[in-house]
Each structure stands twice: as structure tokens, then as C-alpha cells.
Amino acid sequence: MKQNNSKINPPLWLLAEITYRCPLSCVFCYNPVDYAKQHSELTTSEWIKVLREGRKMGAAQLGLSGGEPLLRNDLEEIVSEAHKLGYYINLITSGIGMTEKRIKALKKAGLDHIQLSFQDSTKEMNDFLSSTKTFDLKKRVANLIKKYDYPMVLNCVLHRLNIDHIEEILKMAESMGAEFVELANTQFYSWGMLNRDQLLPTEKQLKNAEKITHKFRDRLGNKMKLFFIMPDYYSVRPKKCMNGWGNVFVTVQADGTVLPCHVASMLPGIEFESVKNKSLNWIWYESPGFNKFRGDDWMKEPCRSCPEKENDLGGCRCQAFMLTGDANEADPVCDKSPYHHKINEAVIASQKPKNFEKPIVFRTDKDSREIMHKRDKGQLELKTSRLLEKHSKPSKNKSRVGVV
Ligand code: FES
């Protein structure tokens, strides 16, 4: 539903997913399952135009992510322009591609913040979960981050396969001098959803992980700030996803498609526009995609008459679609949703080893293409085909996705 423009807040957070190329193949990656549909990446000047527009509209925080943003040789140029425009710039990286020369150049260009991801505390598990040999390299990058006087911010996505190593993960973070550690449990979107049965931790694992996190928090206080983010599946109240659809957060994908969250391209019946064809300003304020779930006019029961609707805005539209087939439904995480049993069933299944014996799917270009082909041949389960944009087609460039 179209809203009165004067009631729409400007975007404050711009996430630029500048490339979907990535040397890692993380099993929980939030990039769309059909990301290999992307034929090209925005050029340097196209990104700079997006940054100018975003800043003019009021965006102040810029996240540079991917894929692996360091794979773009023009990252320094993009950072430099963003810095001149007055953004606070956060690089979200696996560290692969970071050298002393590059960190020096990024510092000079005005990069404010680096968030480095780890998969686990041991070389074996880190390298297995990312399908690469990168553990030692990440440690070297952590040292460079310290040397160049950045706050040390580590991120580790938790799931069934690494959550029992939380004590070692935190010890590793402490030994590296981390000032902030984000322990974000996998949320089940995209590749994480494909692997949900293997990744959803049990309640016992979660409670234990929380207990250990508290122990470290008590001992280290402000010296190392810990953020432990619970998986939605163990809640009964949904989150106010993205702080509201088209409210503060805008994502621009590698090819220029603009989304209200990382994965909304899978929602059927919504056309999301590209900055190649429309201005960011028009997309944010006027486009049907961004107005679709703004406010609460779209809600049906039980959300419509719920006294808590202002707090959570019905939860996550993408989660509602993935689990019910209808993005207008209440997020099934909510125990008032008639589909809440879907969450309970997944949690119960997580306690039974049989349900996570399936092979795990790594995020690769090849698998992304194959999944699209299988969808076209009707070989995908309904719940998996919901993770793909209805008409996505693999890009013609088979060796690599999105080369500029
Ligand atoms: Fe798309 Fe929540 S992830 S609305």
C-alpha cells in the first residue's frame, strides 16, 4: 500500500553488497540461494552514485559486505568517496584478501571499522565450515586490525556444529584482544535455511552457550563486550525485522537491485527495482516493493488486532513466507500465529539426530546454479523452491558470478 511520503523515515543504514564473489562457501550464508542469477556488478562510478544519493537522503551508516568485499580492487576508492561524503564505514569481511598494503590504504581512505568473521576456534572446524584453509590467515588479519588501531570486532555465527566450542571461541577472542564479540546464532534464511536441520542447535546446547557467555561477561566486563544473539526459533515473540520494512535499512545488491532486507527478492509478486533504472530516492519512497509492508495496513489477523503489533510489526515477512507460503501471515515465531507449530516441529526435530544426517550444502556458484536448474525441472521441495526468486535464471558466466 502506498504511504504518504511525509510519514516515511529516510534510510539511515545503507548496506552495499558490493560483490557476490566469495572465496568462502559458508553453510549459513545469507546471500540469496539463487545469487548466481546475478550477471554483473555495479561499476565503481555506479556505486559512488548510489553512495551520493543515499547520503543525500540521510543515510549515515554504510556497511560494505558481500560476498567478500576485499575482492573488489576498487574498494579503497569506494571507501574514500564514502568517507568524503561523511558516512561511518564498516567493512564486513572474512579477511581474505587483506594485506598490510591494503589495510594501510583503507585506513588512509577513511575506513572506520572492520568486522572480522570466524567460523570456529580450531583450524579444522573453521576450515571445514567455510570450505577453505583460512584459519591462520584470519589470525594474521586480526593482528593487522590491531596494528592499524581499529577496534577489534569479531563475529562468529553459531550453530549446532560449533556452539559447543563457545568457551574455546571466547578464549581465542580474548587472546586476540577482541573488544567486541558478536555471537550470532544462525538465523534461518537462504543457505542457513537449506541446512536448517543440520544447523539448528538443541535447547540444551543453547542454554550451555548462554551460561558460558555470562561467565566470560562477568569476568571481562567492558574489556571484551559480548553480544549473544538467540535464534528466532527459540522465541515466542517475533523480532521487529529490519526495524520495520523500508523504515531505516536499505540493501543494494551487487547488481544494483535494491531490497528492504537481504533476502526479500524471493518474495513472489513483488518487483524490486535496480539503481540502474531508477533513483534510490524513488525506490525508497515510491516503489511498490518498498511500500508493500510499510506500516500496518497490510496486516491480517492475528496481527491486525494484536496489542503488540506496534512492537514487532508482525515479525519477519520473509520468515512468514518461507514457513507459510504467504508473506502477509504473522511470523510463525509468534505463538499467536496459526503456523507456530512449524517452529515447534523444527525445534523438536533438532533434538533427534536422524534429522541432521543429510549432507550439508555449501554456498558455491555451482550449487546456486544447480538449485535454479532443479527448481525449473520441478525437482525441488516446495519449502526449498520458496528460497528462490520465481524466475531467476543462472548468469551465463559460468566461471564466476558478477565480474565487473
Ligand atoms: Fe526479509 Fe525479515 S528478512 S523481512
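Glu-17 stands opposite Ser-65 in strand S2. Strands S1 (residues 13–17) and S2 pair in the parallel sense over 5 bridges; pairing requires at least two DSSP bridges between two strands. From S1 the chain crosses through helix H1 (residues 44–57) to S2, in a right-handed β-α-β crossover. Right-handed here means that, with the strands pointing away from the viewer, the path from the first strand over the helix to the second runs clockwise. Helices (H or I, at least four residues) and strands (E, at least two) are DSSP runs, numbered from the N terminus.

The model is predicted: local features need pLDDT of at least 70, side-chain atom pairs count only at pLDDT 80 or more, and totals for chains, interfaces and linings use all residues. Residues are numbered from 1 along each chain as its sequence is written.

Strand S2 spans residues 61–65 and is mostly covered, with 4 of its 5 residues buried. A residue is buried if 20 or more other C-beta atoms lie within 10 Å of its own, exposed if 12 or fewer, and partly exposed in between, with C-beta atoms placed from the backbone. S2 also pairs with strand S3 (residues 88–93), in the parallel sense and over 4 bridges. Leu-64 stands opposite Leu-91 in S3. Helix H2 (residues 75–85) carries the chain from S2 to S3, and this β-α-β crossover is right-handed.

S9 pairs with strand S8 (residues 249–252) in the antiparallel sense over 2 bridges. Thr-251 has Leu-259 of S9 as its bridge partner.

Helix packing was examined next. H1 and H2 pack at an angle of about 20 degrees, and their axes are 10 Å apart. Axes are lines fitted to C-alpha atoms, for helices over the stretch in contact, and angles run from 0 to 180 degrees between N-to-C directions. The two helices, H1 and H2, are therefore roughly parallel; angles under 35 degrees count as such, over 145 as roughly antiparallel, 65 to 115 as roughly perpendicular and the rest as oblique. H1 passes H2 in a right-handed crossing, the near helix being turned clockwise from the far one by less than a right angle. Contributors to the contact include Trp-47, Leu-51 and Arg-55 of H1 and Ile-78, Glu-81 and Leu-85 of H2. Residues are in contact if their C-beta atoms, placed from the backbone, lie within 7 Å.

H2 also packs against helix H3 (residues 100–109), at about 20 degrees and with axes 8 Å apart. H2 is thus roughly parallel to H3. The crossing of H2 past H3 is right-handed. Glu-76, Val-79, Ser-80 and His-83 of H2 meet Ala-105, Leu-106 and Ala-109 of H3.

Helices H6 (residues 166–175) and H9 (residues 203–220) pack at about 25 degrees, with their axes 9 Å apart. H6 is thus roughly parallel to H9. H6 passes H9 in a right-handed crossing. Among the contact residues are Ile-166 and Leu-170 of H6 and Ile-212 and Phe-216 of H9.

Leu-70 lies in the loop between S2 and H2. Leu-70 counts as buried because 24 C-beta neighbours lie inside 10 Å. Beyond residues up to four places away in sequence, Leu-70 touches Leu-75, Thr-93, Ile-96, Gly-97, Met-98 and Arg-102.

Notes
Contact = placed C-beta atoms within 7 Å.
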